[in-house]
Amino acid sequence: MVDQLILASECDVANEVICAPADVKELFELPTIFHIGELAITRTILLIFLAAFIVLAILYFGLRKGSVVPSKFQAVVESLVQFVRKDVAEDIIGPDGVKYAPYLTAMFLFLLVGNLFEVTPLVNFPITSRMAIPAFLAIVTYVIFVFVGFKKNGFRYLTDIIWPKSVPIGLRWLVGVIELFSTFILRPLTLAVRLFANLVAGHLMLTLLLGSGAIFIWNFADAGAKSLVGVAWFAFGLGIYLFEIVVAVLQAYIFTLLSAVYIQSSVHPEH
(Lines give C-alpha, C1' and ligand atoms only; values in the text may rest on other atoms or scores of the structure.)
Protein backbone atom coordinates (compact mmCIF):
# COMPACT_ATOMS: atom_id res chain seq x y z
CA MET A 1 0.00 0.00 0.00
CA VAL A 2 2.83 2.42 0.88
CA ASP A 3 4.63 1.51 -2.35
CA GLN A 4 1.51 2.16 -4.42
CA LEU A 5 1.03 5.56 -2.78
CA ILE A 6 4.64 6.42 -3.70
CA LEU A 7 4.10 5.29 -7.30
CA ALA A 8 0.76 7.08 -7.59
CA SER A 9 2.19 10.34 -6.26
CA GLU A 10 5.08 10.33 -8.78
CA CYS A 11 3.46 8.76 -11.86
CA ASP A 12 2.42 10.77 -14.92
CA VAL A 13 0.06 8.33 -16.68
CA ALA A 14 -0.23 10.60 -19.74
CA ASN A 15 3.51 10.57 -20.53
CA GLU A 16 4.95 7.40 -18.97
CA VAL A 17 4.52 3.74 -19.90
CA ILE A 18 5.36 2.43 -16.43
CA CYS A 19 5.26 4.05 -13.01
CA ALA A 20 8.57 4.14 -11.14
CA PRO A 21 9.82 6.35 -8.31
CA ALA A 22 12.73 8.71 -8.93
CA ASP A 23 14.78 6.68 -6.45
CA VAL A 24 13.98 2.96 -6.03
CA LYS A 25 15.32 3.11 -2.46
CA GLU A 26 11.97 4.69 -1.57
CA LEU A 27 10.40 1.24 -2.06
CA PHE A 28 12.66 -0.28 0.61
CA GLU A 29 12.75 2.47 3.24
CA LEU A 30 9.54 1.91 5.16
CA PRO A 31 8.13 4.70 7.34
CA THR A 32 8.62 5.10 11.08
CA ILE A 33 5.56 3.91 13.04
CA PHE A 34 6.52 5.23 16.49
CA HIS A 35 9.50 6.02 18.71
CA ILE A 36 10.82 4.40 21.88
CA GLY A 37 12.92 7.18 23.32
CA GLU A 38 15.27 8.13 20.48
CA LEU A 39 14.86 4.77 18.77
CA ALA A 40 12.68 4.94 15.64
CA ILE A 41 10.55 1.81 15.20
CA THR A 42 9.96 1.37 11.47
CA ARG A 43 7.53 -0.94 9.71
CA THR A 44 10.50 -3.16 8.79
CA ILE A 45 11.40 -3.70 12.46
CA LEU A 46 7.79 -4.57 13.30
CA LEU A 47 7.71 -7.08 10.42
CA ILE A 48 10.93 -8.72 11.68
CA PHE A 49 9.36 -9.23 15.12
CA LEU A 50 6.14 -10.41 13.47
CA ALA A 51 8.05 -13.03 11.47
CA ALA A 52 9.80 -14.27 14.61
CA PHE A 53 6.48 -14.38 16.49
CA ILE A 54 4.81 -16.34 13.66
CA VAL A 55 7.63 -18.93 13.67
CA LEU A 56 7.37 -19.33 17.46
CA ALA A 57 3.58 -19.70 17.23
CA ILE A 58 3.84 -22.26 14.40
CA LEU A 59 6.33 -24.39 16.34
CA TYR A 60 4.50 -24.07 19.67
CA PHE A 61 0.97 -24.83 18.45
CA GLY A 62 2.17 -27.40 15.92
CA LEU A 63 4.34 -29.45 18.24
CA ARG A 64 2.98 -28.95 21.76
CA LYS A 65 0.51 -31.90 21.83
CA GLY A 66 2.32 -34.58 19.84
CA SER A 67 -0.91 -36.50 19.24
CA VAL A 68 -0.71 -40.00 17.77
CA VAL A 69 -3.39 -38.95 15.27
CA PRO A 70 -2.20 -35.45 14.34
CA SER A 71 -4.38 -32.63 13.06
CA LYS A 72 -3.67 -31.27 9.58
CA PHE A 73 -1.78 -28.32 11.07
CA GLN A 74 0.31 -30.56 13.33
CA ALA A 75 1.05 -32.87 10.40
CA VAL A 76 2.26 -29.96 8.25
CA VAL A 77 4.48 -28.54 11.02
CA GLU A 78 5.93 -31.97 11.85
CA SER A 79 6.62 -32.57 8.16
CA LEU A 80 8.52 -29.26 7.90
CA VAL A 81 10.57 -29.98 11.01
CA GLN A 82 11.33 -33.53 9.89
CA PHE A 83 12.23 -32.31 6.41
CA VAL A 84 14.92 -29.97 7.75
CA ARG A 85 16.12 -32.51 10.33
CA LYS A 86 16.32 -35.56 8.03
CA ASP A 87 16.73 -34.23 4.49
CA VAL A 88 18.98 -31.28 5.30
CA ALA A 89 20.74 -31.68 8.66
CA GLU A 90 21.30 -35.46 8.83
CA ASP A 91 21.61 -36.23 5.10
CA ILE A 92 24.21 -33.49 4.54
CA ILE A 93 26.07 -33.18 7.84
CA GLY A 94 25.65 -36.79 8.95
CA PRO A 95 24.83 -38.09 12.46
CA ASP A 96 26.30 -34.88 13.93
CA GLY A 97 23.64 -32.96 12.04
CA VAL A 98 21.07 -33.59 14.78
CA LYS A 99 22.64 -30.95 17.03
CA TYR A 100 22.41 -28.34 14.24
CA ALA A 101 18.81 -29.20 13.28
CA PRO A 102 17.18 -26.65 15.70
CA TYR A 103 19.28 -23.81 14.25
CA LEU A 104 18.62 -24.85 10.66
CA THR A 105 14.89 -25.34 11.32
CA ALA A 106 14.47 -21.95 13.01
CA MET A 107 16.43 -20.23 10.23
CA PHE A 108 14.48 -21.97 7.44
CA LEU A 109 11.09 -21.09 8.94
CA PHE A 110 12.12 -17.49 9.67
CA LEU A 111 13.38 -17.00 6.11
CA LEU A 112 10.30 -18.72 4.68
CA VAL A 113 7.94 -16.42 6.59
CA GLY A 114 10.07 -13.34 5.88
CA ASN A 115 10.23 -14.14 2.15
CA LEU A 116 6.51 -14.91 1.90
CA PHE A 117 5.72 -11.48 3.34
CA GLU A 118 6.34 -10.29 -0.24
CA VAL A 119 3.19 -12.07 -1.47
CA THR A 120 1.15 -11.60 1.72
CA PRO A 121 -1.76 -9.17 1.13
CA LEU A 122 -1.46 -5.89 3.10
CA VAL A 123 2.19 -6.67 3.91
CA ASN A 124 3.81 -6.99 0.45
CA PHE A 125 7.34 -6.46 1.70
CA PRO A 126 9.97 -9.21 2.15
CA ILE A 127 12.11 -8.39 5.18
CA THR A 128 14.97 -10.27 3.51
CA SER A 129 15.14 -7.52 0.88
CA ARG A 130 16.96 -5.49 3.56
CA MET A 131 20.61 -6.59 3.59
CA ALA A 132 20.80 -6.61 7.41
CA ILE A 133 18.75 -9.83 7.71
CA PRO A 134 20.62 -12.02 5.14
CA ALA A 135 23.95 -10.57 6.34
CA PHE A 136 23.21 -11.30 10.01
CA LEU A 137 22.16 -14.92 9.32
CA ALA A 138 25.15 -15.45 7.01
CA ILE A 139 27.49 -14.17 9.75
CA VAL A 140 25.89 -16.51 12.31
CA THR A 141 26.40 -19.46 9.94
CA TYR A 142 29.97 -18.27 9.28
CA VAL A 143 30.77 -18.12 13.01
CA ILE A 144 29.29 -21.60 13.53
CA PHE A 145 31.20 -23.36 10.74
CA VAL A 146 34.52 -21.64 11.51
CA PHE A 147 34.14 -22.38 15.25
CA VAL A 148 33.21 -26.01 14.53
CA GLY A 149 36.12 -26.34 12.11
CA PHE A 150 38.72 -25.27 14.67
CA LYS A 151 37.01 -27.16 17.53
CA LYS A 152 36.86 -30.45 15.61
CA ASN A 153 40.21 -30.24 13.83
CA GLY A 154 42.30 -27.76 15.72
CA PHE A 155 44.82 -25.67 13.76
CA ARG A 156 44.81 -28.42 11.09
CA TYR A 157 41.49 -26.98 9.88
CA LEU A 158 43.37 -23.94 8.59
CA THR A 159 46.50 -25.74 7.36
CA ASP A 160 44.43 -28.32 5.40
CA ILE A 161 42.68 -25.46 3.62
CA ILE A 162 45.90 -23.64 2.81
CA TRP A 163 47.83 -26.80 1.86
CA PRO A 164 45.27 -29.47 0.65
CA LYS A 165 47.09 -32.83 0.63
CA SER A 166 44.59 -34.45 -1.76
CA VAL A 167 45.73 -32.10 -4.55
CA PRO A 168 48.92 -32.68 -6.66
CA ILE A 169 51.76 -30.88 -4.91
CA GLY A 170 52.39 -28.50 -7.79
CA LEU A 171 48.86 -27.11 -7.54
CA ARG A 172 48.50 -27.05 -3.74
CA TRP A 173 49.54 -23.42 -3.29
CA LEU A 174 47.06 -22.26 -5.97
CA VAL A 175 44.15 -24.38 -4.72
CA GLY A 176 45.02 -23.35 -1.15
CA VAL A 177 44.77 -19.64 -1.97
CA ILE A 178 41.45 -20.20 -3.76
CA GLU A 179 40.06 -22.32 -0.91
CA LEU A 180 41.22 -19.82 1.73
CA PHE A 181 39.52 -16.94 -0.08
CA SER A 182 36.41 -19.01 -0.82
CA THR A 183 35.98 -20.36 2.73
CA PHE A 184 36.56 -17.22 4.77
CA ILE A 185 35.45 -14.43 2.40
CA LEU A 186 33.19 -15.66 -0.39
CA ARG A 187 30.98 -18.08 1.54
CA PRO A 188 29.30 -15.57 3.89
CA LEU A 189 29.25 -12.90 1.19
CA THR A 190 27.58 -15.01 -1.51
CA LEU A 191 25.22 -16.59 1.01
CA ALA A 192 23.84 -13.18 1.98
CA VAL A 193 23.92 -11.52 -1.45
CA ARG A 194 22.13 -14.41 -3.21
CA LEU A 195 19.11 -14.17 -0.90
CA PHE A 196 19.14 -10.36 -0.78
CA ALA A 197 19.38 -9.91 -4.58
CA ASN A 198 16.60 -12.37 -5.35
CA LEU A 199 14.16 -10.76 -2.93
CA VAL A 200 15.06 -7.21 -4.02
CA ALA A 201 14.46 -8.13 -7.67
CA GLY A 202 11.15 -9.80 -6.86
CA HIS A 203 9.91 -6.89 -4.77
CA LEU A 204 10.84 -4.39 -7.49
CA MET A 205 9.13 -6.35 -10.26
CA LEU A 206 5.94 -6.99 -8.30
CA THR A 207 5.66 -3.42 -7.08
CA LEU A 208 6.31 -1.80 -10.46
CA LEU A 209 4.14 -4.18 -12.50
CA LEU A 210 1.12 -4.49 -10.20
CA GLY A 211 1.38 -0.87 -9.05
CA SER A 212 1.66 0.51 -12.59
CA GLY A 213 -1.15 -1.73 -13.80
CA ALA A 214 -3.51 -0.60 -11.05
CA ILE A 215 -2.64 3.09 -11.51
CA PHE A 216 -3.09 3.04 -15.31
CA ILE A 217 -6.40 1.17 -15.05
CA TRP A 218 -7.70 3.39 -12.22
CA ASN A 219 -6.77 6.57 -14.14
CA PHE A 220 -8.17 5.43 -17.50
CA ALA A 221 -9.73 8.88 -18.07
CA ASP A 222 -6.26 10.49 -18.16
CA ALA A 223 -4.35 7.49 -19.56
CA GLY A 224 -6.75 6.83 -22.45
CA ALA A 225 -5.54 3.94 -24.62
CA LYS A 226 -2.61 3.47 -22.23
CA SER A 227 -5.03 1.80 -19.86
CA LEU A 228 -4.56 -1.27 -22.05
CA VAL A 229 -0.85 -1.13 -21.17
CA GLY A 230 -1.92 -1.13 -17.53
CA VAL A 231 -3.96 -4.30 -18.11
CA ALA A 232 -0.88 -5.95 -19.64
CA TRP A 233 1.34 -4.86 -16.72
CA PHE A 234 -1.19 -6.14 -14.21
CA ALA A 235 -1.58 -9.53 -15.95
CA PHE A 236 2.21 -9.92 -16.18
CA GLY A 237 2.48 -8.93 -12.51
CA LEU A 238 0.03 -11.68 -11.51
CA GLY A 239 2.25 -14.21 -13.29
CA ILE A 240 5.31 -12.89 -11.46
CA TYR A 241 3.30 -13.03 -8.21
CA LEU A 242 2.89 -16.81 -8.57
CA PHE A 243 6.56 -17.16 -9.54
CA GLU A 244 7.63 -15.20 -6.43
CA ILE A 245 5.88 -17.75 -4.19
CA VAL A 246 8.21 -20.40 -5.63
CA VAL A 247 11.22 -18.06 -5.28
CA ALA A 248 10.37 -17.35 -1.62
CA VAL A 249 10.31 -21.05 -0.75
CA LEU A 250 13.32 -21.92 -2.91
CA GLN A 251 15.55 -19.16 -1.53
CA ALA A 252 14.77 -20.11 2.09
CA TYR A 253 15.67 -23.71 1.21
CA ILE A 254 18.90 -22.79 -0.62
CA PHE A 255 20.12 -20.58 2.23
CA THR A 256 19.46 -23.37 4.76
CA LEU A 257 20.96 -26.05 2.51
CA LEU A 258 24.18 -24.08 1.92
CA SER A 259 24.48 -23.38 5.64
CA ALA A 260 24.33 -27.14 6.25
CA VAL A 261 26.92 -27.77 3.52
CA TYR A 262 29.33 -25.24 5.05
CA ILE A 263 28.91 -26.77 8.52
CA GLN A 264 29.46 -30.24 7.03
CA SER A 265 32.71 -29.08 5.42
CA SER A 266 33.96 -28.12 8.89
CA VAL A 267 32.70 -31.28 10.63
CA HIS A 268 34.15 -33.56 7.92
CA PRO A 269 36.84 -31.50 6.15
CA GLU A 270 38.30 -34.68 4.57
CA HIS A 271 35.22 -34.85 2.27
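Guide: Rings of Phe, Tyr and Trp pair if their centres lie within 6.5 Å. In this predicted model, F83, F108 and Y253 form one aromatic cluster.

Visitor: How many aromatic pairs are there in the whole structure?

Guide: A search of the whole structure gives 8. One of them is F83 with Y253: the ring centres are 5.8 Å apart and the planes are at 35°, so this pair is tilted.

Visitor: What about Y157 and F184, what kind of pair is that?

Guide: Edge-to-face, with 6.3 Å centre to centre and 80° between the planes. Y157 belongs to helix α6 (residues 156-162) and F184 to helix α7, so the pair ties together parts 27 residues apart in sequence.

Visitor: Is Y157 buried or exposed?

Guide: Buried, with a relative accessible area of 4%. F184 is buried too, at 17%, because buried means under 20%.

Visitor: Changing topic: what sits over the ring of F145?

Guide: The charged end of R187, 5.4 Å from the ring centre.

Visitor: And on the surface, which residues form the nonpolar patch?

Guide: I162, W163, I169, L171, W173, L174, V177, I178 and L180, with about 870 Å² of accessible area together.

Visitor: Where does the largest share of the patch come from?

Guide: Helix α7 (residues 172-218), which contributes 5 residues. I178 lies in that helix.

Technical notes
Residues numbered from 1 in each chain as written. Predicted model: local features only at pLDDT ≥ 70, side-chain atom pairs only at ≥ 80, totals over all residues. Heavy atoms only, no water. Patch = residues over 30% accessible without salt bridge, like charges linked within 9 Å, V, L, I, M, F, W, Y side chains within 5 Å. Areas by Shrake-Rupley, 256 points an atom, 1.4 Å probe, with all protein chains shown as cover. Salt bridge = Lys/Arg side-chain N within 4 Å of Asp/Glu carboxyl O. Helix = DSSP H or I, 4+ residues; strand = E, 2+ residues; numbered from the N terminus. Phe/Tyr/Trp six-rings, centres within 6.5 Å; stacked < 30°, edge-to-face > 60°. Buried < 20%, exposed > 50% of the residue type's maximum accessible area, 1.4 Å probe, protein only. Lys NZ or Arg CZ within 6 Å of the ring centre and 35° of its normal.
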